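Subject: Structure handover

Hello,

Here is the structure we spoke about. Please open it alongside this message.

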Amino acid sequence: MADEFGTPLFIYDAQVLGEIFHGLSAALPDGVDVLYSLKANPNISVCGFLGKQGAGAEVSSLTELMTALRAGVDPADIIFLGPGKSRADLEACVTSGISAVVCESLAEIRLLDEVAAALQAPTFPAVLRVNPSFHSKGSGLSMGGKSRQFGVDEKDVREARPFLDALEHVEVKGFHAYMGTRFLDYRDIVANTESILQMTESLAAELGIDLSFVDFGGGLGVAYFENESDLNVMELGKHMRAPVEEFRARHPFCRIVMELGRFLTADAGIYVTRALYVKESMGESFVVADGGTNHHMAAVGIGSFVKRNFPIVHLGSPSAEPTRTYTVTGPLCTPNDTLVKKAALPDVRPGDLLGIKRSGAYGPTASPGLFLSHGYPAEVLVHDGQVTLVRERDTPEVLLSRQRLASFEEAS
């Protein structure tokens, strides 16, 4: 694939995508729907494959919405989430007939009501994102219990009945809460789920809402680093069963969903880069590769105080014993362009291929691909032994085609 499509490139394995999705679906309690969060990897083929397996879609931009629809996801299985939706975004949601807009402010609900009225649409479903008053447990990034740009504070939601009752073209059908990301302990996820379900019941009772939709987020983690262990999915499903079934017994017609991005795609991807140079500097061995953090910013360790390495493999000698440590850097003119630092590898020589594993999430979508005008890499999907180029590499001509050279001729 490196010879055919060049390097650097991302390779996605559809078999792994399917195994992760079906393993999680089988473990979760009956009636919990899984939505794929396109923000983790918005490639249309990745979305389309997961959609074929039964995943819905959680989108956060007009392009992501178009991606999910063109990938074949049923609009009834799509929600649109995000704190800064434009009128055009809301118009697209209404006209495409998606399951619900997750509104993150009362002003947004008011605008959605106006849009639905202008489009003469039937009563449109909305879900209110709540910023809970309680804190999450065990996450690398907490999203509740403090001031956030996301959602409406729980105390303000409890006072919003007059506002919600006055809506004419929007019906709030339920609630959404997202407590954090990179949960690796199933007990934290279960505790957060229990708290969210209790909160939604209380809010629905106070606001007079017929509870028919609850999204308790996701945030299931992936073990990237040493001393981390992957989430025990079977234990998660077993301990989540009782609170979900008890909730469903009280609300038999309520749709319960969780949204997942990183968990579904991370392990299915590898970032392949080719060594250009191998050099020494003050006793440290460096591999300068043709790809770096311009394609894989997550490998820098954004959000971490200490740089920790993603798993890396020498693709030419995957079973060989390490012989030394290498710091693998990319082609960028910044010392921050470091993929891994002092990683134990077999001998690396110019031309060798290195693979950063667990790279199926937050690769190109979270990276400054235009820095130094290198552009975005190719992306490839492997399915049933067939290799398909699912995103063409940016070329200089493609990058320059979007620009216009101003005229600097002096006016006569």
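Predicted model: local features only at pLDDT ≥ 70, side-chain atom pairs only at ≥ 80, totals over all residues.

**Salt bridges**

The count comes to 22 salt bridges.

Start with D3 and R274. They form a salt bridge, with the closest N and O atoms 3.9 Å apart. D3 is exposed, at 75% relative accessible area. R274 is partly exposed, at 22%.

Next, D267 and R358. Their closest N and O atoms are 2.8 Å apart in a salt bridge. D267 lies in the loop between α11 (262-265) and β13, and R358 in the loop between β18 (353-356) and β19 (378-383), so this pair ties together parts 91 residues apart in sequence. D267 is partly exposed, with a relative accessible area of 37%. R358 counts as buried because its relative accessibility is 15%, and buried means under 20%.

K238 and E235 also form a salt bridge, with the closest N and O atoms 3.2 Å apart. Both belong to helix α10 (residues 233-250); they are three residues apart, so about one helical turn separates them. K238 is partly exposed, at 48% relative accessibility.

Finally, a network of salt bridges links D33, D77 and R255.

**A charged patch**

Which residues form the negative surface patch? They are D30, E194, E245 and E246. D30 is placed in the loop between α2 (14-27) and β2 (32-37). At 70% relative accessibility, D30 counts as exposed.

**Two buried loop residues**

H295 is in the loop between β14 (284-289) and β15 (312-314). Is H295 buried or exposed? Its relative accessibility is 4%, so H295 counts as buried. Leaving out residues up to four places away in sequence, H295 touches P8, F10, Y271, G363, P364, S367, G375, Y376 and P377. The C-alpha atoms of H295 and S373 are separated by 12 Å, and the two residues are 78 apart along the chain.

I98 lies in the loop between α5 (87-96) and β5 (100-103). I98 counts as buried, at 3% relative accessibility. Beyond its neighbours within four places in sequence, I98 is in contact with L65, P75, I78, I79, F80, C93, F124 and P125. I98 and L65 are 33 residues apart along the chain, and 9.3 Å separates their C-alpha atoms.

Best wishes

Terms used. Residues numbered from 1 in each chain as written. Heavy atoms only, no water. Patch = residues over 30% accessible without salt bridge, like charges linked within 9 Å, V, L, I, M, F, W, Y side chains within 5 Å. Areas by Shrake-Rupley, 256 points an atom, 1.4 Å probe, with all protein chains shown as cover. Salt bridge = Lys/Arg side-chain N within 4 Å of Asp/Glu carboxyl O. Lys, Arg positive; Asp, Glu negative; His and termini not counted. Charge placed at Lys NZ, Arg CZ, Asp CG, Glu CD. Helix = DSSP H or I, 4+ residues; strand = E, 2+ residues; numbered from the N terminus. Buried < 20%, exposed > 50% of the residue type's maximum accessible area, 1.4 Å probe, protein only. Contact = heavy atoms within 4.5 Å.
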